[in-house]
Amino acid sequence: MSTTADPLAVLGSLPGVAESVESVRKSVDRVYGHRVMRRRSNEITSEAALRGARGSAALSGADWALEEVRRRSDFSGDDESRTVGAALRLTAEAGQLLSIWRQSPLRVLARLHLVAAGVQDDTVGRPRLAGEPVDEPVVELPLPSADEVSGRLEGLSQLIIKGSSAPALVTAAVVHGELLALRPFGSYNGLVARAAERLVLIGSGLDPKSICPAETGHAELGRAAYVAALDGYAAGTPEGMAAWIAHCGKAVELGARESTAVCEALQRGAA
């Protein structure tokens, strides 16, 4: 992270980032301006939550059809079932934590991990300690030490608490990328990182009704592109950081497109 007063604003000035921010804003504005949103926004929010959870679970190895996610009620069976259940719980929980996030991001991250894990033991809801294993099937970056995790989490927390003039997309992308790179918990780091990205997008006012599920877009872009973009973030170069922000921006745009399709279906009476 930069030592300037507002390092997120510095990232916002990287080449290509302003274009990504503007493209995202236009996509979000289009779906918010859809005539169905004036009458049935709650339905769009609910459907976006379901589709976002499905997308996040898919990136963590549980690539279920949407209708399978929709019809299931028991998510306690195998690993894939538990992953889908965790994604659904996180999506439901994220919107309840906005006020706490602005004051205590680390407390919220601990809560998100607790919700994802769905169990209580001494490794859940806290950053990992030295020597504790991490189960994260997607990310293969070198694992930072527990001390590095602690320091970087505190730095991220301070950035959020202080606030930034950077666009919401930049902040959301950095929160997402930092959590994925750090993998601070023993499990479900990808799900938690994507839930935190969603939290930033809602709380910033960019997507206050949570109808543009970036998780859907990340899944549509594919795991290989996701990992490659994350590698750029972890490298810390201006080009790599800009590419990761652009990737996250494209995911939000695809999420907005998904909800636009839902609006069109509702308007036709087909959904």
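Visitor: What is the relative accessible area of R152, and how should I read it?

Guide: Buried means under 20% relative accessible area, exposed means over 50%, and partly exposed lies in between (1.4 Å probe, protein chains only). R152 has a relative accessible area of 29%, so R152 is partly exposed. E148 also counts as partly exposed, at 36% relative accessibility.
This is a predicted model, where local features need pLDDT of at least 70 and side-chain atom pairs count only at pLDDT 80 or more, while totals for chains, interfaces and linings use all residues. Residues are numbered from 1 along each chain as its sequence is written, and side-chain values use heavy atoms, leaving out hydrogens and water.

Visitor: What do the side chains of E148 and R152 form where they meet?

Guide: A salt bridge is a side-chain nitrogen of Lys or Arg within 4 Å of a carboxyl oxygen of Asp or Glu. E148 and R152 form one, at 2.8 Å from N to O. Helices here are DSSP runs (H or I, at least four residues), numbered from the N terminus. In helix 8 (residues 146–162), E148 and R152 are 4 residues apart, about one helical turn.

Visitor: How many salt bridges does the count come to?

Guide: The count is 16 salt bridges. Among them, D63 pairs with R54 at 2.9 Å, N to O, and D63 counts as exposed, with 58% relative accessibility.

Visitor: Which residue meets R198 in a salt bridge?

Guide: That partner is E215, at 2.8 Å from N to O. R198 belongs to helix 10 and E215 to helix 11 (residues 214–221), so the pair ties together parts 17 residues apart in sequence. Both R198 and E215 are buried.

Visitor: Where does E197 lie, and how far away is the nearest side chain of opposite charge?

Guide: For charge, Lys and Arg count as positive and Asp and Glu as negative; His and the chain ends are not counted. E197 lies in helix 10. E197 is buried but has no salt bridge, and R194, its nearest side chain of opposite charge, is 7.1 Å away.

Visitor: Which side chain makes a polar contact with that of E197?

Guide: A polar contact is a pair of N or O atoms within 3.5 Å; within protein, one must be able to donate a hydrogen and the other to accept it, and residues adjacent in sequence count only if both atoms are side-chain atoms. The side chain of H218 is the partner here, at 3.2 Å.

How values were computed:
Helix = DSSP H or I, 4+ residues; strand = E, 2+ residues; numbered from the N terminus.
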